[in-house]
Amino acid sequence: METWLQYLIIGIILFIIFLIVLKLSKRDFRIEANKLIGYLGGKDNIVSAECNMSRFKVTLKDVSLADKDAIERLGAKGIVEIDNQLKIIFGPNAHQLKRYIDDII
């Protein structure tokens, strides 16, 4: 077998492995958005939601229904509670989560 053909086969195999790893590491934001809504006390508890850079700000009817520990396990890097609002730092994924949550609520 010629050398260039061996390199081509190795390249194709590496590319397929790369695609598989990329697919497995991709987060399913629909599932996470559904979980987040549950952790916020359900969709009836959410008054409004906004997104600013990496922060996801949500106004709730009853903040005590929110499970902050579960939200942090979901990937939040921090949560700040002010009155009936939670400001949740999700990083660059905040916009995508907001989009899915808007579709649900």
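Predicted model: local features only at pLDDT ≥ 70, side-chain atom pairs only at ≥ 80, totals over all residues.
Residues are numbered from 1 along each chain as its sequence is written, and side-chain values use heavy atoms, with hydrogens and water left out.

**Stop 1: the sheet.** Select the strands (DSSP runs of E, at least two residues, numbered from the N terminus). Four of them make an open, antiparallel sheet, ordered β1-β2-β4-β3. At the edges sit β1 and β3 (78–82), each pairing on one side only; strands pair if DSSP finds at least two bridges between them. Now zoom in on β1 and β2, which are joined by six bridges.

**Stop 2: α4.** Pick out A94, L97, K98 and I101, which are buried in this helix (under 20% relative accessible area with a 1.4 Å probe, protein chains only; exposed is over 50%, partly exposed in between). Look down the axis of α4: its buried residues fall within an arc of 100°, so they line one face. Turned away from that side are the exposed R99 and D103.

**Stop 3: the core.** Which residues touch the most other members of the largest nonpolar core? Select L40, F56, I88 and F90, out of 20 residues in that core. A nonpolar core is a set of buried Ala, Val, Leu, Ile, Met, Phe, Trp, Tyr and Cys residues joined through side-chain atoms within 4.5 Å.

Methods
Helix = DSSP H or I, 4+ residues; strand = E, 2+ residues; numbered from the N terminus. Arc of directions from axis to C-beta.
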